[in-house]
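Have a look at the model first, then read on.

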Amino acid sequence: MGILELELSRPGPLNGELILPPDEEYFYYCLFMASLSTGSTELLHFQTTPQIDLLVEWFHTLKITTLIEPETLVIIGQGAQFRPDYQDVSFELSRHTRVNVLFVEFLRSSDWPLVQLKGTSLHLGQLSDELSNLQGYILDSKEGTLDIQFEQSKELKSEYKFKQSSSIARDIIFLRCLLDEHSCLVQEPFAINDSFIQVMNFFGIKTNIDRQGNQELSELEKRLSRLRGIKTEKKSICSIDGFKQINAKQIRLPADPDIASALTVLGCLIPKSYFILKNVSVNPSRSGIFTSLKRLGFKVDSLRRKERQGDAIADIEVQFTRNRLARKIGGESMLSSTRQYPILAIAACFADGESILRDIPLVHENQIMRLHHLATNLKHTGAEIGEFDEGIVIRGREECDSNTYQAQGDEILALALYVLSRTTHGKSHFMSIDLIDKYFPSFIPYIELLETTQASED
């Protein structure tokens, strides 16, 4: 079967309100903790997606009972001591590397001798890269599968210090502490992607995140401190303490930040657009793209912001933006939007001046190739693009050229390039619609729904 080529052009103005599918990564955290809880947990605002169905199927295989009610998933908890018996089965990988790593670690802690995972070469490679940096795994990669044998991990310590923030390594430590009822603390420069810790705390596990240093200072205050020679060490201390039991909860799931960020960039680039995305996760440790878009001059505002289950939730107000200015974005802002940086790069292509996106993790081959494929596609827009060791330089323009865009099997890159193909001058050819259909099947219907809303109002 050949590659399907789709010819795309700009949609009409986008208007209305949308309730997006649940945040799949956050859904997994809740599903996992609910399985270890005592009682029945209700996950509200539940919608099925191919990835969420996959995650539920994982736990069905482990003999966890779930019940689907209108917009609600009920999980019957097995108690904090639950560990699944070994089964000679293969699991299909999700698109979320962090979720895959945590699931594999749970199976290791359940005394499974080995597990076989199936998936695309990209997702298998991403998982293999992460596990190779952790202890306790022997990896055997084959075509379309990854066999993992488990070794006994080293005894847990009471304190860990990371010179660089490593959220996956930190979450693995917290998971091991949770399952072994062990107390410890992890010190790192800053806590990126802290949602798993927040969910653990909501379910009754005593966790805490103590952020120290100048994170809370404004940009002006930071500059004044540097001019005065004041050096404040930034650090985040995350701790976990003992617990008696994991309590069942009722949880309202936040909306998917990946789809929300893609729709946000699209809406800001389509004239006369104005819409609201409801109940989106805006946790600054993993949704920094919204703050970065505001720095680029995009009209993105958080309405009715509130704390829910330890995470920040808000309605995202999106409006067409004409005055877009280039910026240098790095550090925590970039690390907290690592998954969405290709979408942020699309926004930078339409900003006036030279934007620099730096501090992009480029340790593994898959990470390097994602950036290279992104840069190759962006050069087709007519914008000036340069790659360097830590990121990408983009000299944007008001209008980007139509061309042929292809994501090379990367679903997040496909999402970003679809947005680009719908915002270029003229008709672009999009070669990765299969990835949108597989991983984001509701994305195009949402765009059509916002167009329909505008048409009915006219």
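In what order do the four strands of the open sheet run? The order is E18-E19-E21-E20, and the pairing is mixed. Two strands pair if DSSP finds at least two bridges between them. The helices (H or I, at least four residues) and strands (E, at least two) are DSSP runs, numbered from the N terminus.

Before going further, a word on the source: this is a predicted model, where local features need pLDDT of at least 70 and side-chain atom pairs count only at pLDDT 80 or more, while totals for chains, interfaces and linings use all residues. Residues are numbered from 1 along each chain as its sequence is written, and side-chain values use heavy atoms, with hydrogens and water left out.

**The sheet and its helices**

Strands E18 (328–329) and E20 (384–388) stand at the edges with a single partner strand each, so one side of each has no neighbour in the sheet. E18 pairs with E19 (residues 354–357) in the parallel sense, over two bridges. In that pairing, Ile 329 has Leu 357 of E19 as its bridge partner.

Angles run from 0 to 180 degrees between N-to-C directions, and axes are lines fitted to C-alpha atoms, for helices over the stretch in contact.

| Helix | Strands touched | Angle |
|---|---|---|
| H11 | E18, E19 and E21 (391–395) | about 170° with E19 |
| H12 | E20 and E21 | about 165° with E20 |

H11 (residues 341–349) is mostly covered, with nine of its nine residues buried; buried means under 20% relative accessible area (1.4 Å probe, protein chains only). Among them are Tyr 341, Pro 342 and Cys 349.

**Where H12 meets H4**

H12 (residues 365–378) also comes up against H4 (residues 121–132): their axes come within 9 Å and cross at roughly 135°. H4 brings Leu 122, Gly 125, Gln 126 and Asp 129 to the contact, and H12 brings Glu 365, Asn 366 and Arg 370.

**A buried arginine**

Elsewhere, Arg 170 sits in helix H5 (residues 167–180). Is Arg 170 buried or exposed? Arg 170 is buried, because its relative accessible area is 0%. Its side chain makes a polar contact (a pair of N or O atoms within 3.5 Å, one able to donate a hydrogen and the other to accept it; residues adjacent in sequence count only if both atoms are side-chain atoms) with the side chain of Glu 188, at 3.0 Å. Leaving out residues up to four places away in sequence, Arg 170 also touches others, including Phe 162, Asp 194 and Cys 238.

Note on methods:
Buried < 20%, exposed > 50% of the residue type's maximum accessible area, 1.4 Å probe, protein only. Contact = heavy atoms within 4.5 Å.
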